[in-house]
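Subject: Handing over a structure

Dear colleague,

I am passing on to you the structure below, together with notes on what was found in it. Please read the notes with the structure open beside them.

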Amino acid sequence: MMLLFDGITLPLEDPILKFLLILVIILAAPLLLNKLKIPYLLGLIIAGAVIGPHGLNLVLRDSSIILSGTAGLLYIMFLSGLDMDMSDFRKNGTRSLVFGLYTFCVPLLLGILAGYYILGFSIYSSILLAGLFASQTLIAYPIVSKLGIARDKAVTIAVG
């Protein structure tokens, strides 16, 4: 622990200071990154790596940070649901299901096989590794929405 000011140490332990730091980054990153022509979500990921325990060690990955990340992911999912046309979703529901199964099962299977046979991990470690490959998030959705192609058939199928 490093003492900065009276009662303020690094990594930050006060939840109000952690929340303030996160809000400043959330507000400042898009302004700075728009000038650099970098997608702001990428900038937020980079900022998280910089302030995290393997960067400047300003905050630790504790339950409050995990909660903030989960809330952000749920917010992105909520935005994608708002933009989704339900009639298109009903028409493409089967395609969405097939796409989701393929993009989950194929990386999962290949990850398990690669982890077990190529890397020599145990079966449980291989499943965990494969879960990283198979997981999907809607991190690109705000960029797709900004480009105006959120209602495209392929995007509707992928989001579904």
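A residue is called buried when its relative accessible area is under 20%, exposed when that area is over 50%, and partly exposed in between, with a 1.4 Å probe and protein chains only. This is a predicted model, in which local features need pLDDT of at least 70 and side-chain atom pairs count only at pLDDT 80 or more, while totals for chains, interfaces and linings use all residues. Residues are numbered from 1 along each chain as its sequence is written, and side-chain values use heavy atoms, with hydrogens and water left out.

On confidence, pLDDT is the predictor's confidence in each residue, on a scale from 0 to 100. The mean for the protein is 81, and 92% of its residues reach 70 or more. Among the elements, strand β1 (residues 2-5) has the lowest mean pLDDT, 60, whereas helix α5 has the highest, 89.

As for the overall layout, helices (H or I, at least four residues) and strands (E, at least two) are DSSP runs numbered from the N terminus. There are eight helices and two strands, and along the sequence they follow the pattern β-β-α-α-α-α-α-α-α-α. The protein is more spread out than a compact globule, because its radius of gyration is 20 Å, well over the 15 Å that the globule rule gives for 160 residues; the radius is taken over C-alpha atoms, and the rule is 2.2 Å times the number of residues to the power 0.38. Taken along the principal axes, the C-alpha atoms fill a box of roughly 60 × 45 × 25 Å. Buried residues make up 22% of the 160 residues.

Contact here means heavy atoms within 4.5 Å. Of the contacts with a separation of 6 or more, 50% are between residues 24 or more positions apart.

Helix α5 (residues 93-118) packs against helix α6 (residues 123-134) at an angle of about 140 degrees, with the axes 7 Å apart. The axes are lines fitted to C-alpha atoms, for helices over the stretch in contact, and angles run from 0 to 180 degrees between N-to-C directions. Among the residues that make this contact are Phe 104, Leu 108 and Ile 112 of α5, and Ile 127, Leu 129 and Phe 133 of α6. The contact residues divide into eleven nonpolar, five polar and no charged, where Ala, Val, Leu, Ile, Met, Phe, Trp, Tyr, Cys and Pro count as nonpolar, Asp, Glu, Lys and Arg as charged, and the others, Gly among them, as polar.

Some single residues also deserve a look. Ser 96, in helix α5, counts as buried because its relative accessibility is 5%; leaving aside neighbours within four places in sequence, Ser 96 is in contact with Phe 89, Thr 156, Ile 157 and Gly 160. Lys 18, in helix α1 (residues 15-35), is likewise buried, at 6% relative accessibility, and its contacts beyond four places in sequence include Glu 13 and Asp 62.

Ala 150 lies in the loop between α7 (141-147) and α8 (153-159) and is buried, with a relative accessible area of 12%. Asn 57, in the loop between α2 (40-51) and α3 (63-83), is partly exposed at 27%. Most residues other than glycine have a negative phi, but Asn 57, which is not a glycine, has a positive phi of about 60 degrees.

With best wishes
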